[in-house]
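Please look over the structure below before reading the briefing. The points are grouped by topic.

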Amino acid sequence: MYKKPFIIAEAGCNHMGSMEIAKDLIQTAAVFCKADAIKFQKRCPKELLTEEQYNAPHPNPVNSYGDTYGAHREFLEFTVEQHAQLKAWCEEAGIIYATSVWDLTSAKEIASLKPQFIKIPSACNNHFEMLQWLCDNYEGEIQLSFGMTTHEEEEQIVSLFEKNNRAKDLVLFNCTSGYPVPFKDVALLEITRMREAYESRVKAIGFSGHHLGIAVDVAAYTLGAHIIERHYTLDRTWKGTDHAASLEPDGIRKLVRNLSAVHDALNYKSEEILPIEQVQRDKLKFRKKQ
């Protein structure tokens, strides 16, 4: 039995530091795209970055919103009060609010808003202090990506949740960390490996894609990843590193439509000759002349 697909539009920092753009992202994802959830990001740059990283120039200056990488990250951050407003707008629009947290301070701030789920990105899935704090203090679902992660590290992560009796609240995502990821590196069959290793131990297996187009997501769903996360922007030509690897609204809308269609189609015939076939059988089926 295939579960109904659940589509997360990962807005991340594609709001470019503007609450008005963030509101438009929410409204468009909810009304036009009909996504199930929209996800943002929360960082405390001074906690996350070393002093050297904070003061270094952005590696791609054309995409920078500040004189240093730290200033760039600060420009793109919303306060916890602003995230509370994002959550309120999501509730008004009828879409689930969520956020990826990159450090302990951000985890504490977002947990205080009591979202339905919190996401741990691949880059910090080995931040065991943060994972432990969430296990102890946050009651909602915890989603976590396995990009850039060894099998040994995967087992350490799942074991931590099991030891805290929180594994049944854990959703694991197959993910290849790249922007964008060529199809040969998407490695969809990792979904099968992850299901064999972890499906009986955690809540669900999902797919977080950084590829182009939407064909791969349908394959991921048929392999058993019913939670699909894709980066999302209003305009792929906007300034920033994630826009080019994101889907625009029409892409998310078509993804939702296609996955819904595939969900409806993934079944067995309820009877040998369906009613829709009987009409054609009566008209077209070969009959030997008497």
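Met148 is exposed in this predicted model, with a relative accessible area of 60%. Buried means under 20% relative accessible area, exposed means over 50%, and partly exposed is in between, using a 1.4 Å probe and protein chains only. Local features rest on pLDDT of at least 70 and side-chain atom pairs on pLDDT 80 or more, while totals for chains, interfaces and linings use all residues of this predicted model. Residues are numbered from 1 along each chain as its sequence is written, and side-chain values use heavy atoms, with hydrogens and water left out.

- Met148 is found in the loop between β5 (141-145) and α8 (151-163); helices (H or I, at least four residues) and strands (E, at least two) are DSSP runs, numbered from the N terminus.
- Met148 is not a glycine, yet has a positive phi of about 60 degrees.
- Asn165, in the loop between α8 and β6, also is not a glycine and has a positive phi of about 55 degrees.
- Asn165 is exposed, its relative accessible area being 71%.
- The peptide bond that joins Tyr179 and Pro180 is cis, with omega about -5 degrees.
- Pro180 sits in the loop between β6 (170-175) and α9.
- For background, most residues other than glycine have a negative phi, and most peptide bonds are trans.

**The protein as a whole**

- The protein has 12 helices and eight strands.
- Along the principal axes, its C-alpha atoms fill a box of roughly 90 × 45 × 40 Å.
- Of its 290 residues, 50% count as buried.
- Among contacts between residues at least 6 apart in sequence, 67% join residues at least 24 apart; contact means heavy atoms within 4.5 Å.
- The accessible surface is about 14700 Å², and 53% of it belongs to carbon and sulfur atoms; the areas come from the Shrake-Rupley method with a 1.4 Å probe, and for residues only the protein chains shown count as cover.

**Nonpolar cores**

- The largest nonpolar core has 68 residues; such a core is a set of buried Ala, Val, Leu, Ile, Met, Phe, Trp, Tyr and Cys residues joined through side-chain atoms within 4.5 Å.
- Those with the most contacts inside this core are Ile38, Leu86, Leu144, Phe161, Leu172, Phe207 and Tyr232.
- Helix α1 (residues 19-33) gives the most to this core, with seven residues.
- Apart from this core lies another, of 10 residues, among them Phe6, Val171, Phe173 and Ala204.

- Which residues of α10 (residues 215-222) are buried? They are Val216, Asp217, Ala220 and Tyr221.
- Seen down the axis of α10, these buried residues fall within an arc of 140 degrees, so they line one face of the helix; the arc is that of the directions from the helix axis to the C-beta atoms.
- The cover over the buried residues of α10 includes α9 (190-198), β7 (204-209), β8 (227-231) and α11 (249-265).
- The buried residues of α9 are Ile191, Arg193, Met194 and Tyr198.
- They cover an arc of only 160 degrees around the axis, which puts them on the same side of α9.
- The cover over the buried residues of α9 includes α8, β6, β7 and α10.
- In general, an α-helix has 3.6 residues a turn, so residues three or four places apart point the same way.

**Lys39 and Ser100**

- Lys39 is found in strand β2 (residues 37-42) and counts as buried, at 0% relative accessibility.
- Leaving aside neighbours within four places in sequence, Lys39 has contacts including Glu10, Ser100, Lys119 and Glu229.
- Ser100 lies in strand β3 (residues 96-101) and is buried, with a relative accessible area of 2%.
- With neighbours within four places in sequence left aside, the contacts of Ser100 include Glu10, Lys39, Lys119 and Pro121.

**His127**

- His127 is in the loop between β4 (117-120) and α7 (128-137).
- Is His127 buried or partly exposed? His127 is partly exposed, with a relative accessible area of 24%.
- Beyond its neighbours within four places in sequence, His127 is in contact with Trp102, Asp103 and Leu104.
- His127 and Trp102 are 25 residues apart in sequence and 8.8 Å apart in space, C-alpha to C-alpha.
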